[in-house]
Amino acid sequence: MVGDVTNTECRIIVETARTQGIPFDELLNGVFLANQQNVARIRRDKKNRLLVRGAVDEKWARNAGIGLTSVRAGYPPQAMWAKKPKTPRPNQGNWLVMPCYSDADDVKGLMANTYSTLVDILRQLSALGYVNIRIKPHPGMPDEKKYYEEILTYYGFDFPVYQGGAMADHLDWTDFVTGPAASGALLETLTAGRPYFALRPWP
């Protein structure tokens, strides 16, 4: 089972499996906003399936799965959070800000918008009086921690940047989360009982 066949490392694994005749499943990662088809998900035999979370994923899979069999498997992190002791919100005005990014299905997306959108968000939160803010870039993206820190310094912000670390630890700390509408973190955040303000930058 792999988490995302469009990911380079996972793609290598599944293509190797295909050449060896080994069956595999893909557990969908993220929230899909477009029905863009990807050659990695084309049905080449009956040995690969999509593990979907529910009705919304099933609808998407019919349009973008290109003939793949989909199996409703639920959302694995939900079981993890169900076993985890409930952590009440700190009620300290803590914000976890996950920068938006130009996703593969956003053909008009510009990486530059990632940074300008982040600055806009931080300015708005600061104007509302929030001071406890963490920045968490996507862990699957290239290591941009230093670059984000330089941007924050340039615009006069003094907020920490965390690209690594378990999402659960950040969710325990935060009261609110804002981040990409297409991120799997949206589901994990709601499962953990925290509000998620979903964003998609221009265009």
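Q: Which residues of helix α5 are buried?
A: This is a predicted model, in which local features need pLDDT of at least 70, side-chain atom pairs count only at pLDDT 80 or more, and totals for chains, interfaces and linings use all residues. Residues are numbered from 1 along each chain as its sequence is written, and side-chain values use heavy atoms, with hydrogens and water left out. Helices (H or I, at least four residues) and strands (E, at least two) are DSSP runs numbered from the N terminus, and buried means under 20% relative accessible area, exposed over 50%, partly exposed in between (1.4 Å probe, protein chains only). In α5, residues 145–154, the buried ones are Tyr148, Ile151 and Leu152.

Q: Why do the buried residues of α5 line one face of the helix?
A: The arc is taken over the directions from the helix axis to the C-beta atoms. On the other side of α5, Lys146, Thr153 and Tyr154 are exposed. The buried residues line one face because, seen down the axis of α5, they fall within an arc of 100°.

Q: Which elements do the buried residues of α5 pack against?
A: Contact means heavy atoms within 4.5 Å. The buried residues of α5 pack against α4 (111–127) and β5 (133–135).

Q: Is the pair of tyrosine 115 and tyrosine 147 stacked or edge-to-face?
A: Rings of Phe, Tyr and Trp (its six-membered ring) pair if their centres lie within 6.5 Å; planes under 30 degrees apart count as stacked, over 60 as edge-to-face and the rest as tilted. The structure holds nine aromatic pairs. For tyrosine 115 and tyrosine 147 the centres are 5.2 Å apart and the planes at 85°, so the pair is edge-to-face.

Q: How many residues apart in sequence are the parts that this pair ties together?
A: Tyrosine 115 counts as buried at 15% relative accessibility, while tyrosine 147 is partly exposed at 42%. Tyrosine 115 lies in helix α4 and tyrosine 147 in helix α5, so the parts tied together are apart in sequence by 32 residues.

Q: How many residues lining the second largest cavity are charged?
A: A cavity is a set of points, on a 1 Å grid over the protein atoms alone, where a 1.4 Å probe fits but cannot get out; lining residues have an atom within 4 Å of a point. Tyr148 is among the lining residues of the second largest cavity, as are Met111 and Glu144. Ala, Val, Leu, Ile, Met, Phe, Trp, Tyr, Cys and Pro count as nonpolar, Asp, Glu, Lys and Arg as charged, and the others, Gly among them, as polar. The lining divides into seven nonpolar, two polar and, as charged, one.

Key: 1 Å grid on protein atoms, 1.4 Å probe; cavity = no way out; pocket = protein on both sides within 12 Å on 5 of 7 lines; lining within 4 Å.
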